2 protein chains.
Amino acid sequence: MDELDVLCVGNAIVDIIARCEENFLVENAITKGAMNLIDADRAELLYSRMGPAIEASGGSAGNTAAGIASFGGKAAFFGKVAHDQLGKIYDHDIKAQGVVFNTRPLDGPPPTARSMIFVTPDGERSMNTYLGACVELGPEDVDAQIVAASKVTYFEGYLWDPPRAKEAIRNSANIAHANGREVSMTLSDPFCVDRYRDEFLDLMRSGTVDIVFANEHEAMSLYQTSSLEAAVDALEADCRLAIVTRGENGSIVARKGERVSVSAIDIAELVDTTGAGDLYAAGFLHGYTNNRSMEDCANLGSLAAGLVIQQIGPRPHGSLRQAAIDTGLGT
Amino acid sequence: MDELDVLCVGNAIVDIIARCEENFLVENAITKGAMNLIDADRAELLYSRMGPAIEASGGSAGNTAAGIASFGGKAAFFGKVAHDQLGKIYDHDIKAQGVVFNTRPLDGPPPTARSMIFVTPDGERSMNTYLGACVELGPEDVDAQIVAASKVTYFEGYLWDPPRAKEAIRNSANIAHANGREVSMTLSDPFCVDRYRDEFLDLMRSGTVDIVFANEHEAMSLYQTSSLEAAVDALEADCRLAIVTRGENGSIVARKGERVSVSAIDIAELVDTTGAGDLYAAGFLHGYTNNRSMEDCANLGSLAAGLVIQQIGPRPHGSLRQAAIDTGLGT
């Protein structure tokens, strides 16, 4: 098959997005800014308390795949939906963006995953995810041809939550490396890091993962330090290439002695931070798989992240390829 | 039961919204700016050609009910969804907005209705509606207590498309009038008017309907005239209260010799016209059922319409009650 730029592997989730006030999070014991895992009963309860919402395909690695395709890159996605209406929406949206997506949907329950995302007036999103069909993703869903054809296989740390997805990742990493490809991951969320710290460190130190994306909170959580500098140093030692995002303070790229820092783009209005990290990774990996400089890669990440936080929903409504051209980052 | 301001009756539809270029409409034979009725096969075909989308509860009269509730009014809604995920989303969103909604969902096929809405760069929306479960709305879905309790029963002309909804409307109108209440309708769409011209005229001339909402194209279609003035004159003669909306040119209220014209509100950016007429009706009827002046009613309509066209989706994300207060139209 034709070479692909990036294969993304993650939980296939439809987002249900509504605004709320700060006190709603407190009253409902939702950890602000985090991905809160919930079961079916709590999903029902929170939905009953949620205001009118809109729905949009989401999921961290799926958003990254969509972002890469929007830049004009060749992306594929592995993730598990169910044979239901939300699954059909997910399938439609990612394919309509031009992403290769062939994972067999789950017959029967549980249903397609959904995340209730509450956006507070400051633009911060707090996610409440019912994993549904995602818990069935396993090694049988790895299409070895796609892995072998992809310059980078990228996965989300969130995949350590469902039971067998990590097997799919380990298999994929083996196939990727056997074909001279690279493997990348995002640490996903500080609490996710807390749940799987030792395994994530082992992925990096064993060479299973080559490239790591983390925001500053995740990086500091990984090494249990309050020093960003110490966390970046440790990441740099533990993997071939580390990228640490810092929100409005830009991002840092660390590659075995080489450091690049870029700033965030100026934004008119912060609407909804959902997808910021996912789209940063999309921009960076799009640049990376097109042999751009580290600075260009980071600036492409800043661009995509900066655009997605100025709209509601986790995937950019406009063309990132055009945005890159318009800002002088195109090729 | 407690008195309600407005009962809205309409097709319960989930919107699937994506942007497209002008030539997409031409290539797919979609009538621009109109509501195109489609069958299940064409729905599949168009969806396969549609870009990544977002989903939001819609439906004309449902949007009006949500708008009235957002203003702080007491609204109810009759409409038919199916027992499926889209139906659950519809049910959630309208109830979460504070609208009374008890219509029994349909067991088994067809599924909940959806409308694929293509928004062109000029902000105009072109709708492609698969009616699904809406075709099962009938007189058995009329809750006489709610009709009797509602100051105004408002329905959409689109209800003449499904087979038995008109029976539900005629029953509701009888109940409303027997209880000293008023009945209102929107003409919905110029092509809808073309399909049911004689029946719509009969509804007005027989006194089944007291208050008519139309945009200028619908009004001129009703009387098959290219003169807006002639259409408004004819509407004024045919019903007790007529309101004609004119997009950026504001609106005209005609009540047996009394004429009021108001302007549209200034908008920063026209994003998506979906819901403009529905929200105008919401603002007007909220004022009307609170005994506001004709001018206030029309200005409340302009406010709600002006806000909804500056966002994606058919229902305002913010509180219309607060918007009315902020613009000096609150009470």
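Helix H10 and helix H11 of chain A cross in the right-handed sense. This is a predicted model. In chain A, H10 covers residues 276-288 and H11 covers residues 294-308; the two helices pack at an angle of about 145°, and their axes lie 7 Å apart. On the side of H10(A), the residues that meet H11(A) include Leu279(A), Tyr280(A), Phe284(A) and Tyr288(A). Sorted by class, the contact between H10(A) and H11(A) has 14 nonpolar residues, five polar and one charged.

Chain B has a helix pair with the corresponding labels. H10(B), residues 276-288, packs against H11(B), residues 294-308, at an angle of about 150°, and 7 Å separates the axes. H10(B) and H11(B) make a right-handed crossing. Among the residues that make this contact are Ala276(B), Gly283(B) and His286(B) from H10(B), with Asp296(B), Gly301(B) and Ala305(B) from H11(B). The classes in the contact of H10(B) with H11(B) are 14 nonpolar, five polar and one charged.

The strands come next. Strands of a sheet pair through backbone hydrogen bonds, either parallel or antiparallel. In chain A, strand S1 spans residues 4-9, and six of its six residues are buried, so the rest of the structure largely encloses S1(A). What does S1(A) pair with in the parallel sense over five bridges? The partner is strand S9 of chain A, residues 150-156. S1(A) also runs parallel to strand S5 of chain A, residues 75-78, to which four bridges join it. Cys8(A) has a bridge partner in each of these strands: Tyr154(A) in S9(A) and Phe77(A) in S5(A).

In chain B, nine strands make up an open sheet with mixed pairing, and their order is S6-S5-S1-S9-S10-S11-S12-S13-S14. Strand S6 (100-101) and strand S14 (258-262) of chain B are at the edges of the sheet; each has a single partner strand, so one side of each has no neighbour in the sheet. Within this order, strand S12 (residues 241-245) and strand S13 (residues 251-255) of chain B run antiparallel and are joined by four bridges.

The last topic is how the two chains meet. Contact between them involves 22 residues of chain B and 22 residues of chain A. On chain B, strand S4 (54-57) and helix H4 (85-96) each supply at least two residues of the side that touches chain A. H4(B) gives the largest share of that side, six residues. By class, the side of chain B that touches chain A consists of ten nonpolar, seven polar and five charged residues. Strand pairing also links the chains: S4(A), residues 54-57, and S4(B) run antiparallel and are joined by three bridges. Ala56(A) has Ile54(B) as its bridge partner in S4(B).

How is chain B superposed on chain A? A rotation of 180°, with 0.0 Å of shift along its axis, does this at an RMSD of 0.0 Å. The two copies are therefore related as by a two-fold rotation axis. Glu55(B) has the C-alpha nearest the axis in chain B, at 2.4 Å from it. Both copies use the same surface, as 100% of the contact residues of chain B recur in chain A.

Note on methods: Residues are numbered from 1 along each chain as its sequence is written. Chains are lettered from A and ligands numbered from 1 in the order in which they are written. This is a predicted model: local features need pLDDT of at least 70, side-chain atom pairs count only at pLDDT 80 or more; totals for chains, interfaces and linings use all residues. Two residues are in contact if their C-beta atoms, placed from the backbone, lie within 7 Å. Ala, Val, Leu, Ile, Met, Phe, Trp, Tyr, Cys and Pro count as nonpolar, Asp, Glu, Lys and Arg as charged, and the others, Gly among them, as polar. Two strands pair if DSSP finds at least two bridges between them. Axes are lines fitted to C-alpha atoms, for helices over the stretch in contact, and angles run from 0 to 180 degrees between N-to-C directions. A crossing is left-handed if the near helix is turned anticlockwise from the far one by less than a right angle, and right-handed if clockwise. A residue is buried if 20 or more other C-beta atoms lie within 10 Å of its own, exposed if 12 or fewer, and partly exposed in between; C-beta atoms are placed from the backbone. Copies are superposed by least squares on the C-alpha atoms of residues with pLDDT of at least 70 in both.
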